[in-house]
Amino acid sequence: MESVSRINLPVVDSTNNFVREMLAEEGTGNVVSAQSLPGFTLVVADDQTRGRGQQGNSWETEKGKNLTFSLLCHPDFICATRQFVLSQCMAVAVQEALSRYVKEVKIKWPNDIYVGDEKISGTLIECDLQGKSISNCIIGVGINVNQTEFRSDALNPTSLKRLTGKNYDCEEILAAIVCNFQKYYERLREGGEDEIRQKYMENLYRRTGFHRYRDVRGEFMAEVADIEPTGHLHLRFSDDNVVRYEFKEVSFIIK
């Protein structure tokens with residue numbers, strides 16, 4: 001496996017922002033290549049003051065209680081149109097790691113991690129493209145580990161401690177996630193995209209049955225028909241009509 005360089009930060013606004021600034025400084029404003037920064041770079045923060053989620057959403061975290069980190073890699077062997085598989089890699093890596101501690105850990109499209117109907121982890125992925133390939137990929141992850149009180153307007157947060165009443169070693173969980181991701185990253189390099197997508201689909205939240213969703217037309221019932229390699233979600237209605245959605249074009253209605 002490739003080497004992992006680690007940077008520990010006591011406090012930062014966002015680990016993804018830190019990596020982005022590091023890349024800009026290293027490349028004097030230009031995109032940094034895999035050759036100039038080989039391997040993986042892991043940035044871990046004890047406290048993240050302005051964690052970012054998909055489409056500008058925020059991620060609440062209590063200092064010293066959770067995992068907030070970003071992993072930088074350089075998957076120049078992956079076509080730009082296939083970058084969603086990197087999201088699937090990390091989702092499966094986190095799902096497998098957390099499944100050691102609690103049951104019913106699922107991946108909510110595109111890459112949130114749920115236990116039952118409650119969110120325990122979120123991921124933000126940012127890629128730089130070079131031609132038709134990916135030069136840099138920053139994968140920012142937040143995982144609720146030992147926090148029990150949540151004050152933001154998030155509808156359904158949970159944590160390992162909230163679910164079990166036990167305290168957990170964040171370093172142990174982080175090591176498992178990084179190891180899992182590296183394993184699937186190598187499978188990608190070997191051409192194992194189908195295997196990773198299968199694991200993603202097997203552990204997908206609401207994989208079977210009809211459930212309630214909302215789009216610009218209002219609420220409706222549908223079931224998951226497919227998820228494309230591009231990340232687009234296909235929902236099938238009761239009349240067998242299938243609609244294709246991009247990120248944020250449809251939302252899950254959860255009690």
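Analyst: In this model, strand β10 (residues 211-215) pairs with β11 through five bridges, in the antiparallel sense. The model is a predicted one. As a general idea, the strands of a sheet pair through backbone hydrogen bonds, either parallel or antiparallel. Within this pair, His211 has Ala222 of β11 as its bridge partner. The two strands form a hairpin, with two residues between β10 and β11.

User: What is the order of the strands in the open sheet?

Analyst: The open sheet has five strands in the order β13-β12-β11-β10-β14, and the pairing is antiparallel. β13 (242-245) and β14 (251-252) are at the edges with a single partner strand each, so one side of each has no neighbour in the sheet.

User: How many bridges join β11 to β12, and which residues stand opposite one another?

Analyst: Strand β11 (residues 218-227) is joined to strand β12 (residues 233-236) by four bridges, and the two run antiparallel. Asp226 stands opposite His234 in β12, and Val224 has Leu235 as its bridge partner in β12. These strands also form a hairpin, here with five residues between them, and Gly231 in the turn has a positive phi of about 100°.

User: Let us turn to helices. Which residues of α5 are buried, and what covers them?

Analyst: The general idea is that an α-helix has 3.6 residues a turn, so residues three or four places apart point the same way. In helix α5 (residues 193-202), the buried residues are Ile196, Arg197, Tyr200 and Met201. They lie on the same side of α5, because the arc they cover around the axis is only 135°. The elements that cover the buried residues of α5 include α2, β6 (105-108), α4 and β11.

User: Which residues have the most contacts inside the largest nonpolar core?

Analyst: In soluble globular proteins, nonpolar side chains tend to be buried together. Here the largest nonpolar core has 64 residues, and Phe69, Met90, Phe181 and Tyr200 have the most contacts inside it. Helix α2 (residues 84-98) gives the most to this core, with 11 residues. A second, separate core has nine residues, among them Leu9, Met22, Leu23 and Ala45. As for Phe181, if residues up to four places away in sequence are not counted, this side of the picture includes contacts with Phe40, Leu71, Cys73, Leu86, Cys89, Met90, Ala93 and Ile139.

User: Is Asn156 buried or exposed, and what does Asn156 touch?

Analyst: Asn156, in the loop between β9 (133-143) and α3 (160-164), counts as buried because its relative accessibility is 15%, under the 20% cut-off. A polar atom of the Asn156 side chain lies 3.0 Å from the backbone oxygen of Asp117. Not counting residues up to four places away in sequence, Asn156 touches Tyr114, Asp117, Glu118, Lys119 and Ile254.

User: Where does Ile254 lie, and how is Ile254 classed by accessibility?

Analyst: Ile254 is in the segment after β14 and counts as partly exposed at 22% relative accessibility. Leaving aside neighbours within four places in sequence, the contacts of Ile254 are Lys108, Tyr114, Asp117, Asn156, Tyr205 and Arg206. Ile254 and Arg244 are 10 residues apart in sequence and, C-alpha to C-alpha, 21 Å apart in space.

How values were computed
Residues are numbered from 1 along each chain as its sequence is written. This is a predicted model: local features need pLDDT of at least 70, side-chain atom pairs count only at pLDDT 80 or more; totals for chains, interfaces and linings use all residues. Side-chain values use heavy atoms; hydrogens and water are left out. A nonpolar core is a set of buried Ala, Val, Leu, Ile, Met, Phe, Trp, Tyr and Cys residues joined through side-chain atoms within 4.5 Å. Buried means under 20% relative accessible area, exposed over 50%, partly exposed in between (1.4 Å probe, protein chains only). Contact means heavy atoms within 4.5 Å. Two strands pair if DSSP finds at least two bridges between them. The arc is that of the directions from the helix axis to the C-beta atoms. A polar contact is a pair of N or O atoms within 3.5 Å; within protein, one must be able to donate a hydrogen and the other to accept it, and residues adjacent in sequence count only if both atoms are side-chain atoms.
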